[in-house]
Amino acid sequence: MKRPARPLLALAATLAVAVPTILFNSSAAHADPVSQTSGFYVNPYSSPASWVAANPGDGRANAIRTEIAQKPMASWFGNWSGNITSAVGNYVAAADAVDKLPLLVAYNLPGRDACGGHSGGGAGSVAAYDAWIAAFASAIGNRPAVVVLEPDSLGDFNCMTQQQINDRVGMLSRAVNQFRSRAQHTWAYLDAGNPGWVDARTMARRLNTAGVGNARGFALNVSNYFTTGENTNYGNQVASTLRNEFGYSKPFVIDTSRNRNGSNGQWCNPAGRRIGTPTQLGGGAEMLLWLKTPGESDGNCGVGGGSSAGQFLPEVAYKLVYGY
């Protein structure tokens, strides 16, 4: 998926069609899913866990097991997930059965990864996406969860037409409202790129247009490598702009799954990166989360040459444990 590390873009023009924002008190409207659970869910069927189970004698297995597979991380859902009601419902039910908080990523917007191209696809139409995300939210229902909505979605605008942008912010705004109405124990975060992609003021304006006022907050650094400090500074700038220009602020979460060594300017399977702080509360943000699964490829590029986006690569996972 597209996670560019590029110079900050100039302030974008105001979107042609604005989606009205109806503000609500997140903490009042949605019960706190963290306090309802006893920690974050570790998926026993994640790609690294499945690889370790199938390759117990491999010399890399112990490091991948203890440093990656046994850590809480997000599961991603998209057009590969089959019946989304069953896929999400079963996953959240498994977490609920052990009193743990599941992390989910929704990744199915039409025309997703418009700039990167490695993770293209998504729902076939606006209507199809609206139905899919409504089913996603309904499948969670009253169970606690954390959901990050649509990585890349607000950073890809320079690769899209104005009509595509208008459609996208409409879908995101409606998606946020689906979680507000159908999954009231879920914290939903809109993706907001990373510090090297879009300047903070532009991103805050895009978030506002896409309905972040009705979400819990926004997510940073999904599948990228910028340090926690860099993301915290950027997130604070975005939140400050929301407060100064729109009269409200929002918390943010940071993907730390591969950011311990920071960014080298590349976004697609760069060498020399390292797993970061495991999923936890706080750390300069509301939560530090492993949203990208360490070892899953960004696409046919870098140290993942010959792979497809999302494919688990044990050698890449192993190197991420040690930073080489």
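Let's start with one cysteine. Cys301 is buried, because its relative accessible area is 14% and the cut-off for buried is under 20%. Keep in mind that this is a predicted model.

Who is the partner of Cys301? A disulfide joins Cys301 to Cys268, with 1.7 Å from S to S. For anyone new to the term, a disulfide is a covalent bond between the sulfur atoms of two cysteines. Where do the two ends sit? Cys268 is in the loop between strand S6 (252-255) and strand S7 (280-281), and Cys301 is in the loop between strand S8 (287-289) and H9, so the bond ties together parts 33 residues apart in sequence. The angle about the S-S bond is -60 degrees, and the link of Cys268 and Cys301 is left-handed. Cys268 counts as buried too, because its relative accessibility is 12%.

Next, how many disulfides does a search of the whole structure find? It finds two. The other one is formed by Cys115 and Cys159, and their sulfur atoms are 2.1 Å apart. This pair links distant parts of the chain, 44 residues apart. Cys115 is in the loop between strand S2 (103-106) and helix H5 (126-140). Cys159 is in the loop between strand S3 (145-149) and helix H6 (162-182). The link of Cys115 and Cys159 is right-handed, with 115 degrees about the S-S bond.

Now, are these two ends buried or exposed? Cys115 counts as buried, because its relative accessibility is 18%. Cys159 has 38%, so Cys159 counts as partly exposed.

What is the pairing pattern? Number the bonded cysteines of the protein in sequence order, and the pairing reads 1-2, 3-4.

On to helix H9. H9 covers residues 314-322. Which of its residues are buried? They are Pro314, Val316, Ala317, Leu320 and Val321. Look down the axis of H9: the buried residues fall within an arc of 160 degrees, so they line one face of the helix. Here is the general idea. An α-helix has 3.6 residues a turn, so residues three or four places apart point the same way.

What covers that buried set? The cover includes helix H2 (47-54) and helix H3 (61-69).

And what follows H9? Gly323 does, and its phi is positive, near 85 degrees.

To recap: two disulfides, paired 1-2, 3-4, and a helix H9 whose buried residues line one face. Thanks, everyone.

How values were computed
Residues are numbered from 1 along each chain as its sequence is written. This is a predicted model: local features need pLDDT of at least 70, side-chain atom pairs count only at pLDDT 80 or more; totals for chains, interfaces and linings use all residues. Side-chain values use heavy atoms; hydrogens and water are left out. Buried means under 20% relative accessible area, exposed over 50%, partly exposed in between (1.4 Å probe, protein chains only). Helices (H or I, at least four residues) and strands (E, at least two) are DSSP runs, numbered from the N terminus. The arc is that of the directions from the helix axis to the C-beta atoms. Contact means heavy atoms within 4.5 Å. A disulfide is a pair of cysteine sulfur atoms within 2.5 Å.
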